[in-house]
Amino acid sequence: MNIGIIGCGIIGSRMGRNWKKAGHRVVGWNRTPAHAENSGFPLMAAPALVAHTAEVIMITVADPAALVSVIEGPAGLASVSLRGKVVLNASTVGPGDNQRAAKAVREAGGEFLEAPFTGSKDGAAAAKLVFYIGGDEPLFRRMEPLLMQIGKQCFFFGPVGTAADAKLVMNMMLANLMEAMAEGFALVKKAGLNVATFVEAYKMNAGYSVLADMKIGKMLEGDYATHFSLKHMDKDVRLALERAAELKVACPLTERLKEVFTEGMEAGWGEEDFAVVYRLIQKKS
Ligand SMILES: NC(=O)c1ccc[n+]([C@@H]2O[C@H](COP(=O)([O-])OP(=O)(O)OC[C@H]3O[C@@H](n4cnc5c(N)ncnc54)[C@H](OP(=O)(O)O)[C@@H]3O)[C@@H](O)[C@H]2O)c1
């Protein structure tokens with residue numbers, strides 16, 4: 001199959017590489033060609049040119065503005081006929097953003113699924129992403145085998161927008177958990193506890209998690225090499241709070257968390273891994 005990747009950053013480049021490994025012909029596009037992670041597949045000059053070549057197009061760009069630009073911009077996907085083509089959006093955006101994208105793609109003759117995911121950089125590299133799907137279920141069933149070549153599980157939520165909601169809630173909870181660990185470990189250190197013993201005891205505690213497994217070792221070493229950037233988590237927390245406001249759900253903890261993330265962004269740490277909130281708490285302590 002001919003597959004196109006729009007946005008060859010941390011995730012898009014790895015998805016493309018895995019599809020190439022699975023035997024597909026892959027082409028990509030990145031706004032800044034020099035930023036494209038060593039993707040191992042050719043880059044085209046515009047999203048519209050990817051649409052000419054590819055039957056399935058996966059979008060993995062930063063945020064809602066980027067999504068509008070790659071679909072509705074001058075040389076965007078919807079500037080050409082998308083008849084016979086499927087556009088999947090894996091970027092984390094709000095439900096309304098995916099509904100707008102779906103409309104633009106359908107008006108250009110194509111089909112659309114939202115496909116936000118979890119699994120981070122290592123999950124993307126190992127083809128072990130977990131997808132949340134929103135859209136037409138028969139279309140999802142057609143695309144599922146393809147998604148399972150770069151992932152390990154798909155959850156179908158319902159119409160376009162439902163998977164975006166699920167993803168925002170997941171990331172809101174994850175962000176709060178990260179902050180709780182950052183504050184907890186700052187306290188562990190200041191209290192002079194044996195950190196290794198605490199970590200072993202934490203592993204036996206109900207609050208231990210996959211996130212703890214992924215982040216604690218690196219956090220304690222001050223290794224904030226980016227798997228999932230603070231700027232993207234900051235965006236996701238903002239989108240989750242916007243959705244909570246729309247639905248009139250009180251999220252006082254997350255509102256306070258957003259202020260902490262904003263401090264991290266203002267410190268210039270947006271490109272680092274979101275575990276960098278630990279550095280922030282230590283600095284303030
Ligand atoms: N990394 C993770 O663990 C993870 C996990 C779940 C979900 N996500 C989501 O997946 C998406 C991609 O994440 P990532 O980690 O791969 O991010 P990334 O490495 O920062 O890549 C972002 C991509 O978006 C492009 N972009 C940014 N603004 C744009 C614009 N206005 N127009 C066109 N392209 C634009 C960037 O192009 P340039 O190179 O030109 O800047 C780059 O290709 C994000 O929505 C993120 O929230 C990531």
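I count two residues as in contact if their C-beta atoms, placed from the backbone, lie within 7 Å. The model I am reading is predicted.

**Entry 1: helix 10 and helix 11**

I started with helix 10, residues 230–247, and helix 11, residues 252–266. I looked up which residues meet across this pair. On the helix 10 side I listed Leu230, Lys231, Met233, Asp234, Val237, Arg238, Ala240 and Leu241. Their partners in helix 11 are Thr254, Glu255, Leu257, Lys258, Phe261, Gly264 and Met265. By class I noted eight nonpolar, two polar and five charged residues in this contact.

Next I took the geometry of the pair. The angle between helix 10 and helix 11 is about 150°, and their axes are 10 Å apart. I recorded their crossing as left-handed.

**Entry 2: helix 7 and helix 10**

I then turned to helix 7, residues 162–190, which also packs on helix 10. Here the angle is about 115° and the axes lie 9 Å apart. I noted a left-handed crossing for helix 7 and helix 10.

From helix 7, the residues I found in this contact are Asp165, Leu168, Val169, Asn171, Met172 and Ala175. Helix 10 answers with Met233, Asp236, Val237, Leu239, Ala240 and Arg243. I sorted the contact of helix 7 with helix 10 into eight nonpolar, one polar and three charged residues. Met233, Val237 and Ala240 of helix 10 had already come up against helix 11, and I found them listed against helix 7 too.

**Entry 3: helix 7 and helix 9**

Which residues of helix 7 meet helix 9? I wrote down Leu174, Leu177, Met178, Met181 and Phe185. In helix 9, residues 210–221, they meet Leu211, Ala212, Lys215, Ile216, Met219 and Leu220. I counted ten nonpolar residues, no polar ones and one charged residue in this contact.

The angle between helix 7 and helix 9 is about 40°, with 11 Å between their axes. I therefore put the two helices down as oblique to each other. The crossing of helix 7 and helix 9 is right-handed.

**Entry 4: the two domains**

I checked the domain assignment of the protein chain, which gives domain 1 as 2–158 and domain 2 as 165–284. I noted 27 Å between the two domain centres, taken over C-alpha atoms. The contact takes 14 residues from domain 1 and 15 residues from domain 2.

What gives the most to the side of domain 1 that touches domain 2? I found helix 5, residues 120–125, with three residues. That side of domain 1 divides into seven nonpolar, four polar and three charged residues.

**Entry 5: the ligand**

Last, I looked at the shell around the ligand. I found 28 residues surrounding the ligand, and the closest are Gly9, Arg31, Thr32, His35 and Ala66. Helix 1 (10–21), helix 3 (64–72), strand 6 (117–118) and helix 5 each supply at least two residues of the shell. Helix 3 has the largest share, with four residues. I divided the shell by class into eleven nonpolar, 15 polar and two charged residues.

Where does the ligand lie relative to domain 1 and domain 2? I placed the ligand between them, because both domains give residues to its shell.

Definitions and conventions
Residues are numbered from 1 along each chain as its sequence is written. This is a predicted model: local features need pLDDT of at least 70, side-chain atom pairs count only at pLDDT 80 or more; totals for chains, interfaces and linings use all residues. Axes are lines fitted to C-alpha atoms, for helices over the stretch in contact, and angles run from 0 to 180 degrees between N-to-C directions. A crossing is left-handed if the near helix is turned anticlockwise from the far one by less than a right angle, and right-handed if clockwise. Ala, Val, Leu, Ile, Met, Phe, Trp, Tyr, Cys and Pro count as nonpolar, Asp, Glu, Lys and Arg as charged, and the others, Gly among them, as polar. Domain bounds come from an automatic or database domain assignment. A residue is near a molecule or strand if its C-beta atom, placed from the backbone, lies within 6 Å of it. Angles under 35 degrees count as roughly parallel, over 145 as roughly antiparallel, 65 to 115 as roughly perpendicular and the rest as oblique.
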